[in-house]
Amino acid sequence: MSNSSTDDSGPLLGPADIRELAGALGVRPTKQRGQNFVIDANTVRRIVRTADVRPDDVVVEIGPGLGSLTLGLLEAADRVIAVEIDEVLAAALPSTVAARLPGRADRFALVHSDAMHVTELPGPEPTALVANLPYNVAVPVLLHMLATFPSIDRTLVMVQSEVADRLAARPGNKVYGVPSVKANWYAEVKRAGAIGRNVFWPAPNVDSGLVSLVRRDKPVDTSATRAEVFGVVDAAFAQRRKTLRAALAGWAGSAAAAEAALVAAGISPQARGEALTVEEFARIAEMREAGK
């Protein structure tokens, strides 16, 4: 069921509020930035609930847009830091927060920036990341935030359904690839629900999915660095149809060197990247020297 009146929404934004705000700001959602605004308060509440936002959480939100999700997060968390690249939206958001949740306005901070370039955030360290990510930048933004802010323990992102499948895929699945392995380096990843098209304005022509990422208690046990492991992952999937012996030839220096590293890591040179776990990629990275 969709909320069509502000009465049902409480301080949250309903469809009429969203259109009114957008009209006042002269905002037309752009495809270039993948902007689709959530207009359904029930969906916002569901996202906050699924994200397991707690009263002591410091939540970072990427791409808050007109503030639909921001308000829901601010009701539940200790504080919210929103990162917005769009100048007009960034300028308007603090007043929307002040008007709708005046008692919580001092718990809100806005960073006007491209999330891909954010390396520090104001206030206490973030403990959670919750965002409706534009599909064209979803994976790089997610991986950048997880790498840059190790204090982020729980993440819930809403992304294009296909991207959600890719992030949550397991070895052997046909959509398992670079995003799946890299996300798994940081966290336990799983699909956390589907989101219909009618809760957005404008309605996208693709379905969306929720992905939950809970940071691993212990990082992957390896002597290789993250950059070294990710180098193997990138090489393994650059030519998906090739065996690892062939795909890793450039990375190792030759096919024979790749074979030696794979054998030393206990992995068949005839295997393909889509069959391997992140731990197995880490073992290969450790054995690079064995191939020389």
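**Questions about a predicted model**

Modeller: This is a predicted model, and the mean pLDDT of the protein is 93, with 94% of its residues reaching 70 or more. Over residues 1–7, however, the pLDDT is below 50, although this stretch still has 14 contacts in the model beyond near neighbours in sequence.

Colleague: What makes S4 and S7 the edge strands of the sheet?

Modeller: The open sheet has seven strands in the order S4-S3-S2-S5-S6-S9-S7, with mixed pairing. Strand S4 (108–112) and strand S7 (187–195) each pair on one side only, and that is what is meant by an edge strand here. From one strand to the next the twist averages 20°.

Colleague: How do you know that S6 and S9 pair, and in which sense, parallel or antiparallel?

Modeller: Pairing requires at least two bridges, and strand S6 (residues 154–160) and strand S9 (residues 208–215) have seven, in the antiparallel sense. As one point of reference, Thr155 stands opposite Leu213 in S9.

Colleague: Which helices pack on this sheet, and which strands does each of them touch?

Modeller: Helix H3 (residues 41–50) touches strand S5 (128–132), S6, S7 and S9, and its direction makes about 160° with that of S7. Helix H6 (residues 138–148) also packs on the sheet, where it touches strand S2 (58–62), S5, S6 and S9, and its direction makes about 170° with that of S6.

Colleague: Why is S5 called largely enclosed?

Modeller: A residue counts as buried when its relative accessible area is under 20%, and five of the five residues of S5 are buried, so the strand is largely enclosed by the rest of the structure. Ala128, Val130 and Asn132 point one way from S5, whereas Leu129 and Ala131 point the other way, and all are buried.

Colleague: What makes S2 and S6 the pairing partners of S5?

Modeller: With at least two bridges needed for a pair, S2 and S5 qualify with two, in the parallel sense, and Val59 stands opposite Ala128 in S5. S5 and S6 run parallel too and are joined by five bridges, and the bridge partner of Asn132 in S6 is Met158. The chain crosses from S5 through H6 to S6 in a β-α-β crossover that is right-handed.

Colleague: Why is the contact between Asp78 and Arg79 called a salt bridge?

Modeller: The cut-off is 4 Å between the side-chain nitrogen and the carboxyl oxygen, and the closest N and O atoms of Asp78 and Arg79 are 3.6 Å apart, so the pair falls within that limit. Asp78 is partly exposed at 23% relative accessible area, and Arg79 is partly exposed at 25%. A search of the whole structure finds 12 salt bridges.

Colleague: What does the salt bridge between Arg197 and Asp207 tie together?

Modeller: The closest N and O atoms of Arg197 and Asp207 are 2.9 Å apart. Arg197 lies in the loop between S7 and strand S8 (200–201) and Asp207 in the loop between S8 and S9, so the pair ties together parts that are 10 residues apart in sequence.

Colleague: Is Arg216 buried or partly exposed, and what is Glu279?

Modeller: Arg216 has a relative accessible area of 16%, which is under the 20% limit and therefore buried, whereas Glu279, at 34%, is partly exposed. The two form a salt bridge whose closest N and O atoms are 3.3 Å apart. This pair links distant parts of the chain, with Arg216 in the loop between S9 and helix H9 (226–238) and Glu279 in helix H13 (residues 278–286), 63 residues apart.

Methods
Residues numbered from 1 in each chain as written. Predicted model: local features only at pLDDT ≥ 70, side-chain atom pairs only at ≥ 80, totals over all residues. Heavy atoms only, no water. Helix = DSSP H or I, 4+ residues; strand = E, 2+ residues; numbered from the N terminus. Axes fitted to C-alpha atoms, helices over the stretch in contact; angles between N-to-C directions. Contact = heavy atoms within 4.5 Å. Buried < 20%, exposed > 50% of the residue type's maximum accessible area, 1.4 Å probe, protein only. Right-handed = clockwise from strand over helix to strand, strands pointing away. pLDDT = per-residue confidence, 0-100.
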